[in-house]
Amino acid sequence: RRGDWVPSIFSALYAELEEKLPHAELLYYEREGWTFHAKGLWLTESTNGSLLGAVIGSGNYGARSEVLDVESNTILVFPHQETELQTQLMQEWTGMCQYAHEGHAIEFPQTSWKIKAALPMIRDLF
């Protein structure tokens, strides 16, 4: 079907990223009746969950953005004492996580052999 290939490509890219970053938490946003995506990096302390840093801005991290598009991001690094901005960013993160699940726990569309074969040629489009 037309359009089925996009979720399949993201499924393949997700699996690849999960393999390359085994300790990262990759989340899949799923909320009935919504089409939404958030891209970002939130770096938290593993022991107490406090926010150490965040990347905000365009947030496109794909090969296409690296080579073709103009992206603008800001990297925020926070002091050890909590700030109001840290609190706000953590609230935003927590709100998004209400509807997020670890990706490997979700059944992604099966990636066909055709998409797997074409992925090296089209990955720069994502």
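The following questions and answers concern the structural terms applied to this predicted model.

Local features in this predicted model require pLDDT of at least 70, side-chain atom pairs count only at pLDDT 80 or more, and totals for chains, interfaces and linings use all residues. Residues are numbered from 1 along each chain as its sequence is written, and side-chain values use heavy atoms, with hydrogens and water left out.

Q: Why is the pair of Trp-42 and Trp-93 called tilted?
A: Rings of Phe, Tyr and Trp (its six-membered ring) pair if their centres lie within 6.5 Å; planes under 30 degrees apart count as stacked, over 60 as edge-to-face and the rest as tilted. The centres of Trp-42 and Trp-93 are 4.6 Å apart and the planes stand at 35°, so the two rings pair and the pair is tilted.

Q: What makes this pair a link between distant parts of the chain?
A: Trp-42 lies in strand β2 (residues 41-44) and Trp-93 in helix α3 (residues 84-97), 51 residues apart. Helices (H or I, at least four residues) and strands (E, at least two) are DSSP runs, numbered from the N terminus.

Q: How do you know that β2 and β3 pair?
A: Two strands pair if DSSP finds at least two bridges between them. Leu-43 has Gly-53 in β3 as its bridge partner.

Q: What makes β2 and β4 edge strands?
A: The open sheet has the order β2-β3-β4 with antiparallel pairing. In it, β2 and β4 (73-77) each pair on one side only.
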